Amino acid sequence: MYTQGLDVQKGDVSIPLEQGDSELERRFQAKIDADEKIEPKDWMPEGYRKTLVRQISQHAHSEVVGMLPEGNWITRAPSLRRKAALLAKIQDEAGHGLYLYSACETLNVSRQELVDQLLEGKAKYSSIFNYPSTTWADIGAIGWLVDGAAIMNQVPLQRCSYGPYSRAMIRICKEESFHQRQGYEIMLTLARGTAAQKRMAQDALNRWWWPSLMMFGPNDKDSPHSAQSMRWKIKRVSNDELRQKFVDVTVPQADFLGLTMPDPALRWNAGSGHYDFGEIDWEEFKQVLQGNGPCNRERMRDRNRAHERGRWVREAALAHAEKRRARAAAQTTAVAAE
Amino acid sequence: MTADTEKMTPEQQALFDYLLRLGDNAVVLSHRLGEWCGHAPVLEEDIALINVALDLLGQARSIMTYAGEVEGAGHDEDALVYRRDGFDYRNVLLVEQPNEENFAVAIVRQFLFDAWHYELQTALLQSSDARLAAIAAKSVKEVTYHLRHSSEWMVRLGDGTAESHGRVQEALDDLWRFSGELFEADAVEERMAAAGIGPHPQSLYAAWSETVDRVLAEATLSRPEDGWMQSGGRNGRHGEHLGFILAEMQFLQRAYPDARW
């Protein structure tokens, strides 16, 4: 799963847009222009570092919060095979979260700081996970559409200028493609199943389609930091281009399923060679980002509750490790004294 | 759905019952572990608990497929898991005990089970039933890891802070009454032992007890007194929790009986 083009919001001034032209900065940009990777020990502008920390941590948080709507169906998965696949998928996502937090730590920020930012509501995660997963078909739709949109976003990031992020993406993309195929296969089984199953699949498509399109973030004209991110090769393809590509790929897949896209304006445009589609409800997008989506409060409450309920466990693990260290040290001292 | 006892010989019936006991333990405990997903104390533990849940689910699938073949009534793994009611479930009571959003409960339940499960799977390597021995060969590697994982947490929590020590001791005192059922012998177990298919349950006790003592000592925890032991799960007499597990787990298969997933 993936975070989205909510990396930097319009009107956010915490990340400077201007770039200086010191010798260090010129050399940095030259390296990027030559498609070389920036590694953790290399010099980098503060804006570059901050943009990356924000983007990678949002992505990590999205993986972790994304476990909740899918985890919601583990205990109700309809067969042992589906249950095993869902467990494995969520395990992959937790692994992506860990992997991305580690990539972030190479930028001099601790995982603890990042997790605290999430729990305090200061950090964003993908808005898609603030929608509820109400039927089994949602597990199919999330895999097909949400992971599908994630892959669109992530494939270009494999070429991101920052080495650790780029390498994380290569690995993550492989697993996401697998998840996407699994999701589509769930949809296919439902669409070819009983009338009730087909209805379930259509209902899931109706609810997840528009939020999936929102995953690509605001229109390019409303995304002020995109140009800078493009120059830095943190972002490599624009929000609107990715969104269009996703629509073009997904519409025929829906046709194959025999499902109807919930967009009356959707039609093939022979002139442009793309599908035209209706206007996204940006007010809904804005509201979800501001915390007013159907499940924002539940997701944050769940994360905070798990964190609170686990506090004594983490404290015990630290205390025990400290005891072991102390005992080992005492033993070394005793041996030395003999 | 009930087992069609008329078509099976007494040996087949005993083997079928025995396989259901093994399979149901794995299904139910895997389910309880799955409930932790996204709610574990640290991300690493989300991964570890899911991992154990996945292993147990994989074991359950192999065992249930075999059970369906032994039964010979055309039931596949899903038919056996999703279409039996509680009184036909054969898991021990220990595995159905709820998490109560308490990591100490999850770890103690897991540890008491793993210490036993490890001995059981090791013994099953020698089973005269080739299929069961093959399943054990794969399972024993997984269970070795499970036991290490739960033992390490017993030690961390027991020998961690005063709070963690208190919580894990309380969970241990509470769950101990379900440990006796693991070693109970009845006609099914006796028949399996006589045929060399499974170990006699009591033969697993000494090694289990030794593991428990060793880990509890390192964890600075006290072993509870053996009081009255609860039992009945292996014969279909469960507590109130199992019904809710099944209501949740079987919902889709029951609500859409003609659907394939």
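The lining of the second largest pocket, by class, has 14 nonpolar, 2 polar and 6 charged residues; here Ala, Val, Leu, Ile, Met, Phe, Trp, Tyr, Cys and Pro count as nonpolar, Asp, Glu, Lys and Arg as charged, and the others, Gly among them, as polar. A quick word on the source, everyone: this is a predicted model, where local features need pLDDT of at least 70 and side-chain atom pairs pLDDT 80 or more, while totals for chains, interfaces and linings use all residues. Residues are numbered from 1 along each chain as its sequence is written, chains are lettered from A in the order in which they are written, and side-chain values use heavy atoms, without hydrogens and water.

Back to that pocket. Its volume is about 500 Å³, meaning the space filled by probe spheres set on grid points joined across faces, edges and corners. A pocket, for us, is an open set of points on a 1 Å grid over the protein atoms alone, where a 1.4 Å probe fits, with protein on both sides within 12 Å along at least five of seven lines; lining residues have an atom within 4 Å of a point. Among the residues nearest the centre of the second largest pocket are A:Arg111, A:Arg314 and B:Pro41. H4(A) brings the largest share of this lining, 5 residues; helices are DSSP runs (H or I, at least four residues), numbered from the N terminus.

Now, the largest pocket. About 620 Å³ of space lies there, and 24 residues line it, with A:Leu68, A:Asp302 and B:Glu35 among those nearest its centre. H11(A) gives the most to that lining, 7 residues. By class, we get 8 nonpolar, 7 polar and 9 charged.

With charges in mind, let's turn to salt bridges.

In chain B, B:Glu189 pairs with B:Arg21, with the closest N and O atoms 2.9 Å apart. This pair links distant parts of the chain, helix H8 and helix H1, 168 residues apart. Buried or exposed, B:Glu189 and B:Arg21? Both are buried (under 20% relative accessible area with a 1.4 Å probe, protein chains only; exposed is over 50%, partly exposed in between).

Over in chain A, A:Glu23 and A:Arg27 meet at 3.7 Å, N to O. They sit 4 residues apart in helix H1, about one turn. A:Arg27 counts as exposed because its relative accessibility is 55%, whereas A:Glu23, at 43%, is partly exposed.

Methods. A salt bridge is a side-chain nitrogen of Lys or Arg within 4 Å of a carboxyl oxygen of Asp or Glu. Helices (H or I, at least four residues) and strands (E, at least two) are DSSP runs, numbered from the N terminus.
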